[in-house]
Amino acid sequence: MTLTPQQLATTASEEGSATALANPNIALVKYWGKRDEALILPWTGSLSLTLDAAPTTTTVRLTDTPDDVVLLGGRPLEGTARSRVTRFIDLVRALADRDERVSVDSHNEIPTGAGLASSASGFAALALAASTAFGLDLDRRALSRLARRGSGSASRSIFDGIAVWHAGHDDESSFAEAVPAPGLELGMVLTVLDARAKSVSSRDGMRRTVDTSPYYPAWVERTPVELEEMLAAITRADFTAVGTIAERNAMRMHATMLGAEPPVRYWGPASVELLDLVANLRGDGLECYATMDAGPNVKILCRADAVDELAARILEAQPHIGVIPARAGRGARLITSEPGGSAGEQTTEGAR
Ligand code: DP6
């Protein structure tokens, strides 16, 4: 959290201003490929775990400046990164039927653009803060649809714990929702092998895969089956099945990318070393499974009560890397000042 209680007290209570916090999510059944780039409609549904670590905190204020001002980590965004945010704000302005400019002040507690889900937490927080600042009171489904327009995976960070994003066929029908998972306590250790921004954005990587990989049709055919298997495994609280399906699905996503022209490859030697380590730890009786996204950093799924042991075992084997231990976390929410002046999360749900 980078805002002081005093800043929050002034921001969150003012008319035309809101501060929201959202956590990243890591997909256990991946989203890879859009059938509609403008609306961000995916070819297939996906499913993820929202984490309790590495949030984005975003304040949106209506201003009388001639243009929107967009800050990330205190620095003005420029070029495509800025226009991605201002185009998203245009959508919120249209939805609210308002035309004021805004200032956006966003802080990530996770390296930006390194395949560690910063666009998911970023657009989930922005959707909630911007819609609230413009006086909209969106329910969770509408908020998920809005966040999707910023970044597909952001549609899932609206929700606590496990969320499924239904692919849908139009703007209305493509949204995420929470998946109840009684008896299934998941944990995850994120490894930070390389915190630099990736050279191929997930947006470009997925476009190239859809356009050129001969394996992509198999991905589109197979993923709905895997999503159903995953939902059934969650209902049974069958951790072994959840982990096995998640690891296999991640490998299949990377296989479709390798079939693209030119190939899209996000992982490197250090990632492969970690994949081996995960297999060895599992052989030793510490049940864990690997997943990877649009970057070299391997994320390792385990039972919630095994997170600390897993993080320690990873550091023992690879003392030079960074680890972020996490468990299931909460979805996007507004934060505001509490009576007595201290900063806190809203007690009444920020978004219904
Ligand atoms: C590999 O949601 O970042 O993390 O919709 O173009 O913004 P855009 O893509 P984004 O893609 C995430 C891809 C992934 C898998 C996943 O999170 O499901």
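How many aromatic pairs does the count come to? Four, with ring centres required to lie within 6.5 Å. The model is predicted.

**Stop 1: Phe88 and Phe123**

Select Phe88 and Phe123. Their ring centres are 5.4 Å apart. Their planes meet at 70°, so the pair is edge-to-face; the cut-off for that class is over 60 degrees. Now colour by secondary structure. Phe88 belongs to helix α2, residues 79-96. Phe123 belongs to helix α3, residues 118-133.

Buried or exposed? Check Phe88 and Phe123. Phe88 has 2% relative accessibility, so it counts as buried. Phe123 has 8% and counts as buried too.

**Stop 2: Phe239 and Tyr289**

Move on to Phe239 and Tyr289. This aromatic pair is edge-to-face, with 5.7 Å centre to centre and 65° between the planes.

Phe239 is buried at 4% relative accessible area. Tyr289 is buried at 6%. Both values fall under the 20% cut-off.

**Stop 3: arginines over rings**

Select Arg141 and Phe175. Which face does Arg141 lie over? That of Phe175, at 3.9 Å from the ring centre.

Last, select Arg265 and Trp267. Arg265 lies over the face of Trp267. The distance from the ring centre is 5.6 Å.

Methods. Residues are numbered from 1 along each chain as its sequence is written. This is a predicted model: local features need pLDDT of at least 70, side-chain atom pairs count only at pLDDT 80 or more; totals for chains, interfaces and linings use all residues. Side-chain values use heavy atoms; hydrogens and water are left out. Rings of Phe, Tyr and Trp (its six-membered ring) pair if their centres lie within 6.5 Å; planes under 30 degrees apart count as stacked, over 60 as edge-to-face and the rest as tilted. Helices (H or I, at least four residues) and strands (E, at least two) are DSSP runs, numbered from the N terminus. Buried means under 20% relative accessible area, exposed over 50%, partly exposed in between (1.4 Å probe, protein chains only). A charge sits over a ring if NZ of Lys or CZ of Arg is within 6 Å of the ring centre and within 35 degrees of the ring normal.
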